[in-house]
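User: Hello! I am new to this structure and would like to learn how to read its helices and its pockets. Could you take me through it step by step?

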Amino acid sequence: MAEPIIAGKSESSELPRVEDRATFIYIEHAKINRVDSAVTVAEAKGVVRIPAAMIGVLLLGPGTDISHRAVELLGDTGTALVWVGEQGVRYYASGRALARSTRFLVKQAELVTNERSRLRVARRMYQMRFPTEDVSKLTMQQLRSHEGARVRRKYRELSKKYKVPWKKRVYNPDDFAGGDPVNQALSAAHVALYGLVHSVVAALGLSPGLGFVHTGHDRSFVYDVADLYKAEITVPIAFAVAAEAEEGQDIGQLARLRTRDAFVDGKILKRMVKDLQMLLEIPEEEQIEAEPLSLWDDKEKLVPYGVNYSEVKSCP
């Protein structure tokens, strides 16, 4: 019997850029394995083969078994793995994506640890939501008040447009079915958006925990970025799904599928990458590429890794 062909580890230059990938795939009650450079998903209806390098983020729901070889492949190709709960509304854990350079992470840390630059970035985030207003002089308290009023107006507008009753946002990850249809759809659509944002953040080598508006959570920055797109994408989707869903239909699944369809052309990925570079003051022409590991030096900043410095003569 012929030996199976094992695909070698891809070089970062061979991998699709994050904005050129598919968005996310949600899988539950299935077995995931690897064949060459693809993952196979086996469930009751059959087996599907998916090129690993084209997936941005894989959401693993309940009843999912994934092999070590599949995880190895997905890690090599830079696919973000996110383990989620039933209906995809609870985040459990995530795997490491392909990000070998810390240039962007260092920039993010510099900005978030200085109060003045942190406020500058936070204002820039709010400016994206209020393009016709000047928010450069507003305090964080004033910005939060503006945002709260904007979100309430959006909910009222969509409630009227889709003729769906709306009271308030209620989210209980331990009782997804206990929410009304709009809240169920909001929860499912938002989690799908979080998964996509998390994959982009990881792919760029940024920290999901170093937030500028949100703080104290291991995904604070994910929530910062996701909030930029909710009013435009996931909130309208949730109200539309709640209005169109028939009795007995799976609201969570409908919201995830509709969110996936909104992301399928890849434009949101390209936009997220550009928005993140703008927010963090990173020149747009800088590319994500594999960089050699270096050692920090207080005089030369960076020196090569893998050198025996006991044999290197110091300058007088």
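Analyst: Gladly! Two packed helices are described by the angle between their axes and the distance between the axes. In this predicted model, take α3 and α4: their axes lie 11 Å apart and the helices pack at an angle of about 20°.

User: Are α3 and α4 roughly parallel or roughly perpendicular to each other, and why?

Analyst: Angles under 35 degrees count as roughly parallel, and therefore α3 and α4 are roughly parallel to each other. Their crossing is left-handed. On the α3 side the contact is made by L119, A122, R123, Y126 and R129, and on the α4 side by M140, L143, R144, E147 and R150.

User: How many residues of the contact of α3 with α4 are nonpolar, polar and charged?

Analyst: That contact divides into 5 nonpolar and 5 charged residues, with no polar ones.

User: Let me try another pair. At what angle do helix α2 and α3 pack?

Analyst: Helix α2, residues 103–112, packs with α3 at an angle of about 105°, and the axes are 6 Å apart. That makes α2 roughly perpendicular to α3. Here E110, L111 and V112 of α2 meet S117, R118, R120 and V121 of α3. By class, this contact of α2 with α3 has 3 nonpolar, 1 polar and 3 charged residues.

User: And how are helix α7 and helix α8 arranged?

Analyst: Helix α7 spans residues 234–244 and helix α8 spans residues 251–263; they pack at an angle of about 135°, with axes 10 Å apart. The two are therefore oblique to each other. α7 passes α8 in a right-handed crossing. From α7 the contact takes T234, I237, A240, V241 and E244, while α8 brings I251, L254, A255, R258, T259 and A262. In the contact of α7 with α8 there are 7 nonpolar, 2 polar and 2 charged residues.

User: That is clear. How do I go about reading a pocket?

Analyst: The idea is a simple one. Rolling a probe the size of a water molecule over the atoms shows where empty space is left. In this model, the largest pocket holds about 770 Å³ of space.

User: Which residues lie nearest the centre of the largest pocket?

Analyst: Those are H190, Y194, H214, D227 and K230, out of 30 residues that line the largest pocket. By class, the lining has 13 nonpolar, 5 polar and 12 charged residues.

User: Which helix gives the most to the lining of the largest pocket?

Analyst: α4 does, with 8 residues. Helices that each supply at least two residues of this lining are α3 (115–129), α4 (140–162) and α5 (181–203).

User: Could we finish with a single residue? Where is the place of Y223?

Analyst: Y223 sits in helix α6, residues 220–226. Leaving aside neighbours within four places in sequence, Y223 is in contact with Y194, H214 and H217. Y223 and H190 are 33 residues apart along the chain, and their C-alpha atoms are separated by 9.7 Å.

How values were computed: Residues numbered from 1 in each chain as written. Predicted model: local features only at pLDDT ≥ 70, side-chain atom pairs only at ≥ 80, totals over all residues. Heavy atoms only, no water. Axes fitted to C-alpha atoms, helices over the stretch in contact; angles between N-to-C directions. Helix = DSSP H or I, 4+ residues; strand = E, 2+ residues; numbered from the N terminus. Parallel < 35°, antiparallel > 145°, perpendicular 65-115°, else oblique. Left-handed = near helix turned anticlockwise from the far one by under 90°. Contact = heavy atoms within 4.5 Å. Nonpolar A, V, L, I, M, F, W, Y, C, P; charged D, E, K, R; others polar. 1 Å grid on protein atoms, 1.4 Å probe; cavity = no way out; pocket = protein on both sides within 12 Å on 5 of 7 lines; lining within 4 Å. Points joined across faces, edges and corners; volume = space filled by probe spheres on them.
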